[in-house]
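Hello,

Here is the structure I promised to hand over. Please open it first, then read my notes below.

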Amino acid sequence: FFYIGRYIFQVSRVFDGRYGRFNLVVVNFWAYAGRIIMFQMLVRSNQSDEAKGILFALSMMPLLWGDSFGEIIGSFFGKWTFQVRGLGDVNTKTVEGTFAVFASSFVAQIFVDYYMFELSTGSGFFLSHPVLVFFYTCVIAAFVESAAPRSTDNFFLQTLSLVVLMASVR
């Protein structure tokens, strides 16, 4: 497992060129900073512990699935590129990667809802139907991912998804 981890670490962020390892540190910093802020937002909210768990799980889907599939699809299948600010030699993102962020986040939130929380059965948890809430949350996540400076998207994906979901709760 040591060699597998070492290999993954060395090839991660391969498109960042000579700043690849530094960029990996920056990415992880922003991801953990986002989680600290998210926990503070949840602790200070007046939601039940169960609601806080639901909101946290749903808000992590754009980061876990969206960012992962956005990177894979954009890197290997992306044709239409656009420039972004950030660290690294290659500061571009792709339209295909951005769409992958939306699609995979949306499917993941529906899957988590259906198999774990069953919010779409009429529980009245959200102000609107959960699928509609997931749709506009994922649209915002895809926009944020494409507009955020490279290496900071992990921070914005999770925190803004949580803000949107918390604003959508009854």
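**Helix H4 and the overall layout**

Helix H4 counts 23 residues and spans 32 Å from first C-alpha to last, close to the 33 Å expected at 1.5 Å a residue. The expected span is 1.5 Å times one less than the number of residues.

A word on the source. This is a predicted model, in which local features need pLDDT of at least 70 and side-chain atom pairs count only at pLDDT 80 or more, while totals for chains, interfaces and linings use all residues. Residues are numbered from 1 along each chain as its sequence is written, and side-chain values use heavy atoms, with hydrogens and water left out.

The protein chain has six helices and two strands. Their order from the N terminus is α-α-α-β-β-α-α-α. Helices (H or I, at least four residues) and strands (E, at least two) are DSSP runs, numbered from the N terminus. Of the chain's 170 residues, 45% count as buried. Buried means under 20% relative accessible area, exposed over 50%, and partly exposed in between (1.4 Å probe, protein chains only).

**The core**

The largest nonpolar core holds 25 residues. Such a core is a set of buried Ala, Val, Leu, Ile, Met, Phe, Trp, Tyr and Cys residues joined through side-chain atoms within 4.5 Å. Leu55, Leu58, Phe125, Phe126 and Leu165 have the most contacts inside it. H2, H3, H4, H5 and H6 each supply at least two of its residues. H3 gives the most, with seven.

Leucine 55 is worth a click. Beyond its neighbours within four places in sequence, its contacts (heavy atoms within 4.5 Å) include Phe125, Phe126, Leu162 and Leu165.

**Aromatic pairs**

A search of the whole structure gives 13 aromatic pairs. Rings of Phe, Tyr and Trp (its six-membered ring) pair if their centres lie within 6.5 Å; planes under 30 degrees apart are stacked, over 60 edge-to-face, the rest tilted.

Phenylalanine 39 and phenylalanine 56 are stacked, 5.1 Å centre to centre with 25 degrees between the planes. Phenylalanine 39 lies in H2 and phenylalanine 56 in H3, so this pair ties together parts 17 residues apart in sequence. Phenylalanine 39 is partly exposed at 44%. Phenylalanine 56 is partly exposed too, at 22%.

Phenylalanine 125 and phenylalanine 126 have ring centres 4.9 Å apart and planes at 80 degrees, so they pair edge-to-face. Both are buried.

Best wishes
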